[in-house]
Amino acid sequence: MSSYTEVSQVNGDEEAHVVAASEAAQVDTNKKEAQVTAEAIPSLPPHVVKDLLSIGVCVRCIFRLFGVRGCAYSCLSLLPSDLLSSVEESKGSHDCAVGICSKASENLNCALPFQESEDEPVFCSICLGILQFSYSKEKETLVKKYSASEFAVSIAELVKQEGHQIESFSLEVSVPPIILANERAILLYMKRKYGSEPWFQEKFLTEHTSVKDALKLLIIDSLGSLLFGTGSEDSLIALDSEFSEQSACEADAVFRRSLDGLPDHLFCERFTLPPERVNQPCHMAFLCYRTPIYIGGRYLKYSRNVSQSRWIIDDERMGQASVEEIIGGNIVPLLRGDDYKFHAAGREDIDVRMLGSGRPFLIEVQNARDVPSCVAVKQMEQKINNLEDRLVAVKNLKVVGNQGWNLMREGEAEKQKQYAALVWISRPLEEEDLQTISSFKDMRILQRTPIRVLHRRSPLEREKIIHWMKVGRITGSSQYFLLYLCTQAGTYIKEFVHGDFGRTHPSIGSILGCRAEILQLDVTDVKMDCFLTE
Amino acid sequence: MDDSDNYNNKNDTPSASFCVNSSEQERSKEEQELHELVVPNLRDLPVTPPSAVEANFVCYFAPDFMKPAHDQYIYRHANGLCVIGLAPTHVALKEKGVTAVDFNVGKSNRSEIKVTGKRKKNAQHFEANTALCKVCTSDASYIVRCCVKGSLLEVNDRLIDQPGLLNSSFCITGA
C-alpha cells in the first residue's frame, strides 16, 4: 500500500533521530498504530472534533469518546492540529491516510519539544492531563512525557530503583473521581448539541474506554518489555508483585456513588456544561509494592518471660522479649522487606512455655525485595535456633503460598491441645486420685470467662471438653504432681485447676475435693496438620 | 511410687529391640527431652505455694463495714475487676450457720441482671454502700455491701441453691 512505503522511506532517511527504543519492533508498532489511527480518522465528524478541541479536550479523549480502540491511542505525539486538519481533509479524499501517516512519522523523528499551537489545550478538560502524560510530582514540578513509551520508561526506572526481584506484575491506576464528572459533562453537552445527528446515535451510546483503562493500555506493553525484556503476554498475569500509580488524591468512593445516583437533569444543574478549562494537571504519586511473602513454620518457646506478640504498656515492655520480634526481626532483614505481621494458630500466656511439636505460625513479610531460596530459609532457621539466649526456636520453616492462611485457620477451633501442668493440692495425693483422674474421658466442663480476662472479653459461659487426663507423680513430693491433659481448643487450663472462685466447674479442686493450685504450665502439643515435618 | 499409669515407663523397654526404626527412636528421644523439661526440680518449689488469689489479686479487707463485725474482703485484680465477699471473721459466719442468700435487695434482683458483650452493657453502677445481697442465718439476716464504687458484672448465683458454700469455703466463694 502506498501509505506504508511513504512511512518506511521517511524512516530510512531519519534513522538517527528516532526517539523511542530503536528496535525494529518499535518501528513496526508505529506503522501499525499509524495505520489504525488512519483508519479511525475518517469516521470522526470534523465539526465535532473542532468543537471538542476548542473546549479543551485532548486528542486521546476524543478517540475515547468516539469509541476508537486499540493501539491508536499510543500513536506518538498526535497533535491536535494534525488531527483537525486530517479530519477536515478526510471529508473528501482517501489521501488522508497518507497525510496523517507522514505527519505522525515526522513527529516520530523529531525529538524536540512539543509545539504548542492555539488549538492545543494545555491540560485536557476531561482527563486533566493524564492521557497527555502531563502531571506534577512532589514539590510541584511539572513533568511532561512525550510518548507512552517515555512514560513507561520513567515508571520502569522507579521500579528498578526499589530493587525488586520479580517475575510478573500488575498495574493499578486510580484517577481522581472528578474525571467522571468531567466526562459526563462533556457527553451531556454533546448530547444536547448533536443529539439529533445520525452519527451520534451510532457512536455515542456505546461504552467508552475509561481514562484508567486507556492509560493502562498505553503503557502496559512497553512496561512489560522494559522490566522483563520480553514482549510476551505472560508477564501481564498478576502474581508476585504489584505496582500502583495514583493520580491526585485518593479516589473518593462516596463521590462516585453520589454521582451514579444523580440523574442527568440534576447533573446539568450542578455542573457547568461544558466543563471549564483547567490550567493545572494532576499530581501523580507512584507506589511500587510487592504482594506479601509468607513464611510458615512452628515455634517453640522455652522461656516463661517471653510474650507471643510485642506487649508494651505505658512505654514499658512486659516480659523480656516477644516471639514475634525474635522471629520477624531475624527474617525481615534477610528478605530486605519493609515490615512483618505475625500470625499464629492460637496463643499462650507469657508464663507458659510452648514445647513439643511447636505452634504453627505465619510471618507475612511486606514488600520483600528478595525471595529466599530453600537454603536461605534453612539458614534463617538455624540462625534463630542458635541465638544466644535460646528463648525461642523454630521448626519446619518454609515459604508458603496463600494456602498457608487456610491451613492455619482451618479447624483452629476444633483442634486439640496437650498440656503438662505442675499442680499442688492441699492434701496428700492418694492412689485413688490417680484412678479418678484417669477415668475421665471427654469430660464436659463449663467455664465462665475467667476473671483475669473478663475486662476485655464478653462474659459468657463456655462448654469445653477435657479429652483425657493423667497424673505423673513426682518422686519426693506428696502434694505436688504433674497433670497431663488433652483438651479442646480454647480451654482455660489455669482456671480448670484452681476453679476460679467456682466459676469453672468441674475443676481439679472440685474433683479431688480440696484446694488445688497451678504453678507452671507447658503446652506439649498443638495437634494441627500444618507445617509439620515432612 | 512408679506404677503402670506413670507417664515415664517407656524407659523400661526390655532387652533387645533391634528392629526399632529410626523415626520411633527419634520420637522417643523427643519425648524424653520433653519429659526432662517438664519435670520440675523439687528444690526450686516452695513447700506451700501461694494461692491463685494471693498470686493474682491484691487482697483488701473492710472490717466493720458500716456495722460492727460486718467484715468483708475485696480482692482486686490488676485489670481492675474486684471480687467482693465475706471475710472469715464476718458475724454471719460465726457458728457456720448460713441458711440462705438472697440477691433481691434494693431496687432489683442482682442475680437477674444480664451483662453482655465486651462493653459490659447493662452493668449497674453501684456505690460503696449499695446492697449486694442479704445473708440469712437461722436467727438473723445481714446485708452485704459493695464496699467499692463500680459496676456489677456478676453475682455468685450458686449461693442461691447452695448457701452452705459460704460456711465451708468462704474464701474462695466470692459474691
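## Chain B

Chain B of this predicted model has four helices and ten strands. Along the sequence, the order is α-α-β-β-β-β-β-β-β-β-β-β-α-α. The chain has 175 residues, and 37% of them count as buried. Take the contacts in chain B between residues at least 6 apart in sequence: 47% of these join residues at least 24 apart.

One residue to look at is B:His77. B:His77 lies in strand β2 of chain B, which covers residues 72-77. Its relative accessible area is 10%, so B:His77 is buried, the cut-off being under 20%. What does B:His77 touch, not counting residues up to four places away in sequence? Its partners are B:Asn56 and B:Phe57 of chain B, and A:Arg452 of chain A.

## Aromatic rings

A pair of aromatic rings is described by two things: the distance of the centres and the angle of the planes. How many aromatic pairs does the structure hold over all chains? There are eight. One of them joins A:Tyr294 and A:Trp405. Their ring centres are 6.3 Å apart. Their planes stand at 70°, so this pair is edge-to-face. The cut-off for that class is over 60 degrees.

The pair links distant parts of the chain. A:Tyr294 sits in strand β6 of chain A, residues 293-301. A:Trp405 sits in helix α15 of chain A, residues 403-409. A:Tyr294 counts as buried because its relative accessibility is 9%. A:Trp405 has 24% relative accessibility and so counts as partly exposed.

A:Phe501 forms one cluster with B:Phe57, B:Tyr73 and B:Tyr75. B:Phe57 is also among the residues that B:His77 touches.

## Two crossing helices in chain A

Helix α13 of chain A spans residues 323-335, and helix α14 of chain A spans residues 374-385. Their axes come within 10 Å. They cross at roughly 145°, and the crossing is right-handed.

Which residues make the contact? From α13(A) come A:Ile326, A:Ile327, A:Asn330, A:Ile331, A:Leu334 and A:Leu335. From α14(A) come A:Met380, A:Lys383 and A:Ile384. By class, seven of the residues in this contact are nonpolar, one is polar and one is charged.

## Nonpolar cores

In soluble globular proteins, nonpolar side chains tend to be buried together. Here the largest nonpolar core has 61 residues. Those with the most contacts inside it are A:Tyr299, A:Ile327, A:Ile331, A:Phe361, A:Met469, A:Leu483 and A:Ile508.

A second, separate core has 58 residues. Its members include A:Val59, A:Ile155, A:Ile186 and A:Ile220.

Helix α3 of chain A covers residues 46-54. Its buried residues include A:Pro46, A:Val48, A:Val49, A:Asp51, A:Leu52 and A:Leu53. Just after α3(A) comes A:Gly56, with a positive phi of about 100°.

Helix α8 of chain A covers residues 178-194, and A:Leu180 is found there. A:Leu180 counts as partly exposed because its relative accessibility is 40%. Leaving aside neighbours within four places in sequence, A:Leu180 is in contact with A:Arg256 and A:Leu259. A:Leu180 and A:Cys127 are 53 residues apart in sequence, with 8.9 Å from C-alpha to C-alpha. A:Arg192 is found in helix α8 too. Is A:Arg192 buried or exposed? A:Arg192 is exposed, because its relative accessible area is 59% and the cut-off is over 50%. A:Leu273 is 81 residues from A:Arg192 along the chain, and their C-alpha atoms are separated by 9.7 Å.

## A serine in strand β7

Strand β7 of chain A covers residues 306-307 and holds A:Ser307. With 5% relative accessibility, A:Ser307 counts as buried. Its contacts, leaving aside neighbours within four places in sequence, are A:Met318, A:Ala321, A:Ser322, A:Val323 and A:Ile350.

Note on methods
Residues are numbered from 1 along each chain as its sequence is written. Chains are lettered from A and ligands numbered from 1 in the order in which they are written. This is a predicted model: local features need pLDDT of at least 70, side-chain atom pairs count only at pLDDT 80 or more; totals for chains, interfaces and linings use all residues. Side-chain values use heavy atoms; hydrogens and water are left out. Rings of Phe, Tyr and Trp (its six-membered ring) pair if their centres lie within 6.5 Å; planes under 30 degrees apart count as stacked, over 60 as edge-to-face and the rest as tilted. Buried means under 20% relative accessible area, exposed over 50%, partly exposed in between (1.4 Å probe, protein chains only). Axes are lines fitted to C-alpha atoms, for helices over the stretch in contact, and angles run from 0 to 180 degrees between N-to-C directions. A crossing is left-handed if the near helix is turned anticlockwise from the far one by less than a right angle, and right-handed if clockwise. Contact means heavy atoms within 4.5 Å. Ala, Val, Leu, Ile, Met, Phe, Trp, Tyr, Cys and Pro count as nonpolar, Asp, Glu, Lys and Arg as charged, and the others, Gly among them, as polar. A nonpolar core is a set of buried Ala, Val, Leu, Ile, Met, Phe, Trp, Tyr and Cys residues joined through side-chain atoms within 4.5 Å.
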